[in-house]
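Here is a friendly set of questions and answers for someone meeting this structure for the first time. Take a look at it, then read on.

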Amino acid sequence: MLLSRHQVLARRERDPERLERSAYLLLSRIDTQGPMSIGQLAEAFGLDTSTVNRQTAALLRCGLAERVADPDGGMARKLRITAEGGRRLAADREVNRSCLARVVADWSPEEVRELEDVLVRLNRSAESLEGRYWPRTEVYDTCTGPAGVSARPVDADDYVHGPATTP
């Protein structure tokens, strides 16, 4: 909660162009997984489709996302992040990283790595209890992640130093 509170305060202190929390979360998910339908987003976040529909309507109005045909040929149209949405998401991520970097500025690399390890473990434990793994897939191995997917969760080190270039 302290990290979250710090991020919220930093968000308010910065510029009004910062993304709303729901926009940041939705865009992050779409950015990670690729185009997603309203139903897929609702399932991923455990929200009602009407809630996700309202939130995504705001993304569409602002030009941060766009509707596209399902690349896999499905009936439901999907939402894809736009270039502007990607730019704004990247800018917000950088602000979040710099804010967290200030919090742990006097920590050793080992201490940052320890925080990362504990946060990853905490996230995986919570996801396991809820049955909602990140990224969400049909098949998931709790040790290695989703079958066939070489991904890892966003962690403390990503916020401080940026995401690793290799999984």
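Q: Is Arg87 buried, partly exposed or exposed?
A: This is a predicted model, in which local features need pLDDT of at least 70, side-chain atom pairs count only at pLDDT 80 or more, and totals for chains, interfaces and linings use all residues. Residues are numbered from 1 along each chain as its sequence is written, and side-chain values use heavy atoms, with hydrogens and water left out. Buried means under 20% relative accessible area, exposed over 50%, and partly exposed in between (1.4 Å probe, protein chains only). Because its relative accessibility is 46%, Arg87 counts as partly exposed.

Q: Which residue forms a salt bridge with Arg87?
A: A salt bridge is a side-chain nitrogen of Lys or Arg within 4 Å of a carboxyl oxygen of Asp or Glu. For Arg87, the closest N and O atoms of the pair are 2.7 Å apart. The partner is Glu84.

Q: How many helices and strands are there in the protein chain?
A: Helices (H or I, at least four residues) and strands (E, at least two) are DSSP runs, numbered from the N terminus. Read along the sequence, they follow the pattern α-α-α-α-β-β-α-α-β-β-α. That gives 7 helices and 4 strands.

Q: How many residues apart are Asp31 and Arg93?
A: Asp31 and Arg93 form a salt bridge, with their closest N and O atoms 3.0 Å apart. The pair links distant parts of the chain, Asp31 being in helix 2 and Arg93 in helix 5 (residues 83-103).

Q: Is Glu116 buried or exposed?
A: The side chains of Glu116 and Arg113 meet in a salt bridge (2.0 Å, N to O). Arg113 is partly exposed, with a relative accessible area of 38%. Glu116, because its relative accessible area is 6%, is buried.
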